[in-house]
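Here is a brisk report on one protein model. It covers sheets, helix packing and the shell around a ligand.

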Amino acid sequence: MAFSYWFSRLRSSSKPICSNIRSSLFCKHRTQSNTTDVLNSDKRQTHSWTSSFLPMALAISAGSLALQTQNNPSICETPGIDHRHVSFGGNGSTDYVAKGSNKYVPQELIDELKAICQDNMTMDFDERYFHGKPQNSFHKIVNIPDVVIFPRSEEEVSKIVKFCNKYKVPIVPYGGATSLEGHTLSPNGGVCIDMTLMKSIKSLHVEDMDVVVEPGIGWIELNEFLEPYGLFFPLDPGPGATIGGMCATRCSGSLAVRYGTMRDNVINLKVVLANGDVVKTGSRARKSAAGYDLTRLMIGSEGSLGVITEVTLRLQRIPQYSVVAMCNFPTIKDAAEVAIATMLSGIQVSRLELLDEVQVKAVNLANGKNLPEVPTLMFEFVGTEAYSREQTQIVRKIASEHNGSDFVFAEDPEAKKELWRIRKEALWACFAMEPSFEAMISDVCVPLSCLAELISRSKQELDASPLLCTVIAHAGDGNFHTAILFDPNQEEQRQEAERLNHFMVHTALSMEGTCTGEHGVGTGKMKYLEEELGIEALMTMKRIKAALDPNNIMNPGKLIPPHVCF
Ligand SMILES: Cc1cc2nc3c(=O)[nH]c(=O)nc-3n(C[C@H](O)[C@H](O)[C@H](O)COP(=O)(O)OP(=O)(O)OC[C@H]3O[C@@H](n4cnc5c(N)ncnc54)[C@H](O)[C@@H]3O)c2cc1C
């Protein structure tokens, strides 16, 4: 919550400087965001309403049908067959309103939840609204959770889930809420399980280089704890992200180029399934060939198969020494080519990040910096002092062979920390350019050899658009993001942002890439999954979902597109 507070402060205190960046027709008509207008207006009217009427009123006011349903949900959510459940975001969808019909939350369930969690549960509007609205995505919402619950133990989670399953009430697990594709929205209302009270470190095995934690701990807090032991956990998504949410989104970050993604860094999990059973997915051994890999099934399942209650993580030793280098390029294609050449040289960079000139401008404005506003690569080399410097010099030579200039590097610990902080907060720097705008964030990833071509084709399209767009890439992984800023009050701007996003996704798919390298599917990327994976893969996912969650209570309406039936 502190993070969100900080985030909203950052956004609201930043000055609108769109005209400094680019003279855009669209910028002339800036008005306040109406992303959550439906709920804002309802909030004023419904404060005194009983909470059980509120979600229904919200649904009606937004034009959706509120039904009290106790029946078994259909496993096929094709529009026209079963309107009781979420049916947005499928093939060809341009929806951005996360609509679903509100499910009835019976008083008996509320009473059971109160008995389990006592004071750690709320039906307060503000708290439900806070948990229901997107913190970092542009999706509009219709419903909010009916109840927000803060369990303190796995046992409590198990009981909560069991009762929700009994009454067939939807559950949305909730971590740091930094996900970017509407993952934590509650389109059907129901119970939001906020995991942030479960944040203890259960055991640290220094000699095995692993740690067992509860899911609510943040990666930043975990690394603060590990530092005195000379260890760290090498995944760095949004500041504020929790280990549970990171598992559920199969996230990565700037260090994935060296250490891999969440898929590679989780040894085992404990998960509460939809029927309340607690499953441990593996031993603490570093490798195992014992049966189906349930750990990896859960990693990336986005809360749709179970609630993660314990995580055993593989740790890394803090490198003895590191050097951070930066280099400028005349074009983004030159920068991408150096990223590829560096990877092919066999140098084990620990970070290799690319920023375009608009993103550097945003960083300068948000942080009072004076970096050259041109396409820029940022590198980190680790090892012994001599080895880090040797790698730096090899890459300096590669860069100079590809039009690189102004190669500079930092060895001072504070200077290095500051550079990576700036990079990590680059998304928020974009909002500093246009605080009342929303951002559509693309997350395409392609085989490394296609990166330069994809980035330069995308950049041409972005530059030709009247919208303000920035590019940030985890270039060593072939993964890049664009933050496409648009005024949510101007429908043509949203459509233009959608068009650019489609362009990049389709270009990436034509190169055997993916629509999401690390942010996950949520509600926003479902429409691309059939094209990327094929209907057979999606039907297999749906069968797994149906077997583990036959009542479709676990984060319904996300990840598997609604048109997938069997
Ligand atoms: C500024 C910024 C930078 C970012 N940079 C990166 C980046 O570099 N790389 C990257 O990969 N991502 C990045 N992200 C995205 C985001 O930080 C990640 O997706 C992160 O993994 C989400 O974790 P969270 O705790 O915030 O999860 P939440 O947003 O709370 O939840 C995400 C999903 O996980 C589910 N979930 C949460 N907890 C549990 C649980 N205990 N059990 C089961 N399901 C659960 C939720 O239901 C939801 O579906 C960035 C975001 C921001 C705002």
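In strand β6, the bridge partner of V147 is V191. This pairing belongs to a predicted model. Three bridges join β4 (residues 147–149) to β6 (residues 191–194). The two strands run parallel.

Both strands sit in an open sheet of four, ordered β2-β4-β6-β5. Its pairing is mixed. At the edges stand β2 (121–122) and β5. Each has a single partner strand, so one side of each is left without a neighbour in the sheet.

Helix α7 (residues 154–167) lies across β4, β5 and β6. Relative to β6, α7 runs at about 170°.

## The seven-stranded sheet

A second open sheet has seven strands. Their order is β17-β14-β16-β15-β19-β20-β18. Here the pairing is antiparallel. The edge strands are β17 (405–410) and β18 (438–445), and each pairs on one side only. From one strand to the next, the twist averages 15°.

Strands of a sheet pair through backbone hydrogen bonds, either parallel or antiparallel. Several pairs in this sheet can be followed residue by residue. Strand β14 (residues 321–328) pairs with β16 over eight bridges, in the antiparallel sense. Within that pair, A325 has F379 of β16 as its bridge partner. Four bridges join β14 to β17, again antiparallel. There, M326 is partnered by V408 in β17. Further along, seven bridges join β19 (residues 468–474) to β20 (residues 479–486). These two strands run antiparallel as well. A473 stands opposite F480 in β20.

Helix α14 (residues 357–367) lies across β15, β16 and β19. It runs at about 100° to β19.

## Helix α14 against α17

Helix α14 also meets α17. Their axes come within 8 Å and cross at roughly 80°. The contact divides into ten nonpolar residues, two polar and no charged.

Which residues of α14 meet α17? They are Q359, A362, V363, L365, A366 and N367. From α17 come A426, W428, A429, C430, A432 and M433.

## Helix α20 against α21

Helix α20 (residues 526–533) packs with α21 (residues 535–548) at an angle of about 120°. Their axes are 6 Å apart. The angle makes α20 oblique to α21.

On the α20 side, L529, E530 and L533 make the contact. On the α21 side, the residues are I535, A537 and L538. By class, the contact has five nonpolar, no polar and one charged residues.

## The shell around the ligand

How many residues surround the ligand? There are 35, and the closest are G175, G238, G244, G245 and G303. By class, the shell divides into 16 nonpolar, 17 polar and two charged residues.

Which elements each supply at least two residues of the shell? They are β5 (171–174), α9 (243–249), β12 (306–314) and α17 (426–433). The largest share comes from α9, with five residues.

At least three of its residues come from each of domain 1 (38–195) and domain 2 (201–317).

Methods: Residues numbered from 1 in each chain as written. Predicted model: local features only at pLDDT ≥ 70, side-chain atom pairs only at ≥ 80, totals over all residues. Pairing = 2+ DSSP bridges. Axes fitted to C-alpha atoms, helices over the stretch in contact; angles between N-to-C directions. Contact = placed C-beta atoms within 7 Å. Near = placed C-beta within 6 Å. Nonpolar A, V, L, I, M, F, W, Y, C, P; charged D, E, K, R; others polar. Domains from an automatic or database assignment. Parallel < 35°, antiparallel > 145°, perpendicular 65-115°, else oblique.
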